[in-house]
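Please have a look at it first, and then read the points in order.

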Amino acid sequence: MERSKHIAVAGKGGTGKTTTAALLIRYLIENKKGSILAVDADPNSNLNEALGVKVENTISNILVDVKKNNVPTGMTKQTYLELKLHQSLTETKYYDLLVMGGPQGPGCYCFPTELLKKHIDVLDNNYDYMVIDNEAGMEHISRETIENVDILLLISDPTAKGVRTVGRIYELAKSLKINIGEAYIIITKTEDASDLQNEIDATGLKLLGVVPNDPLVAEYDLKGKPLMDLPEDSPAVRATREIFGKLKL
Ligand SMILES: Nc1ncnc2c1ncn2[C@@H]1O[C@H](COP(=O)(O)OP(=O)(O)O)[C@@H](O)[C@H]1O
Ligand SMILES: [Mg+2]
């Protein structure tokens with residue numbers, strides 16, 4: 001079986017990664033593109049809130065649990081971990097969600113990285129798309145839990161500094177042992193990024209599009225309302241629809 005198409009969203013915190021990831025998932029659902037595994041790989045993230053779903057289990061909680069030796073008698077650590085990993089998936093009608101969770105102290109990921117990778121590899125074959133909301137350093141990708149990125153979307157605010165940061169993240173991504181297919185920059189919270197074109201060119205990335213400042217996006221975030229419920233014609237939904245329409249999905 002073929003693995004899913006991996007679309008990773010990366011960039012500095014606060015730029016609109018989670019918003020972009022959630023609206024991409026919404027786009028894939030609305031256009032009936034196929035089954036989706038959403039991966040929240042940013043400990044500071046709330047992709048589940050943006051999507052409007054409650055999460056009981058994060059991967060890191062499971063790892064901490066196993067590390068503390070809360071393993072039922074008669075079960076090996078490995079078997080228990082595998083069982084818990086299977087339970088960690090939040091399933092909904094339109095997509096499933098895997099939440100990595102925060103780092104729970106040094107060394108915490110060491111033992112099960114390989115197991116986690118194997119688990120994700122198995123999941124990978126069950127979906128058409130994997131949408132990954134990353135932290136700035138793309139830690140889970142650099143830990144080689146996910147080694148292929150078909151489409152990398154780098155999100156920046158409309159400042160020269162923001163674009164340079166994205167350029168550095170892109171350089172970092174290229175230096176890791178991952179295969180990147182296509183990579184694009186998306187500038188958020190502006191109508192026009194033409195004054196940033198020189199900075200964008202310097203990153204070697206192509207500008208996929210801009211997402212205007214949309215007061216409803218900020219309001220929904222503040223109130224914990226899912227972006228799935230944003231009106232069809234809200235500026236961010238319209239802009240991202242056009243942006244994602246440019247991708248071969
Ligand atoms: N296009 C936009 N218009 C207005 N506010 C936005 C837009 N995109 C993101 N935001 C707001 O900016 C903040 C950071 O967005 P978020 O997607 O959580 O960023 P990240 O995941 O990169 O940290 C949130 O309050 C969000 O609602
Ligand atoms: Mg986020």
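1. Which residues of H3 are buried? In this predicted model, they are Ile59, Ser60, Ile62, Leu63, Val64 and Val66, where buried means under 20% relative accessible area, exposed means over 50% and partly exposed lies in between (1.4 Å probe, protein chains only). The cover over these buried residues of H3 includes H4, S4 and helix H5 (113-124). Helices (H or I, at least four residues) and strands (E, at least two) are DSSP runs, numbered from the N terminus.

2. A word on how to read the numbers. Residues are numbered from 1 along each chain as its sequence is written, and chains are lettered from A and ligands numbered from 1 in the order in which they are written. Because this is a predicted model, local features need pLDDT of at least 70 and side-chain atom pairs count only at pLDDT 80 or more, while totals for chains, interfaces and linings use all residues; side-chain values use heavy atoms, leaving out hydrogens and water.

3. Now to the neighbour of H3. Helix H3 (residues 59-67) packs against helix H4 (residues 77-87) at an angle of about 160°, and their axes are 10 Å apart. Axes here are lines fitted to C-alpha atoms, for helices over the stretch in contact, and angles run from 0 to 180 degrees between N-to-C directions. H3 and H4 are therefore roughly antiparallel to each other, since angles over 145 degrees count as roughly antiparallel, under 35 as roughly parallel, 65 to 115 as roughly perpendicular and the rest as oblique.

4. What makes the contact between H3 and H4? From H3 come Ile59, Ile62, Leu63, Asp65 and Val66, and from H4 come Lys77, Tyr80, Leu81, Lys84 and Leu85; contact means heavy atoms within 4.5 Å. Seven of the residues in this contact are nonpolar, none is polar and three are charged. Here Ala, Val, Leu, Ile, Met, Phe, Trp, Tyr, Cys and Pro count as nonpolar, Asp, Glu, Lys and Arg as charged, and the others, Gly among them, as polar. Just after H3, Asn69 has a positive phi of about 65°.

5. Next, the sheet. It is an open sheet of eight strands with mixed pairing, in the order S3-S4-S2-S5-S1-S6-S7-S8. S3 and strand S8 (206-211) are the edge strands, each pairing on one side only. Two strands pair if DSSP finds at least two bridges between them.

6. S4 runs parallel to strand S2 (residues 36-41), joined by four bridges; Ala38 stands opposite Leu97, and Val39 opposite Leu98. With strand S3 (residues 90-91), S4 pairs in the antiparallel sense over two bridges, and Thr90 stands opposite Leu97. S3 and S4 form a hairpin with four residues between them.

7. Finally, is Tyr27 buried or exposed? Tyr27, found in helix H1 (residues 17-30), counts as buried at 12% relative accessibility. Leaving aside neighbours within four places in sequence, Tyr27 is in contact with Lys33, Arg241, Phe244, Gly245 and Leu249. Tyr27 and Arg241 are 214 residues apart along the chain, yet their C-alpha atoms are separated by 6.6 Å.
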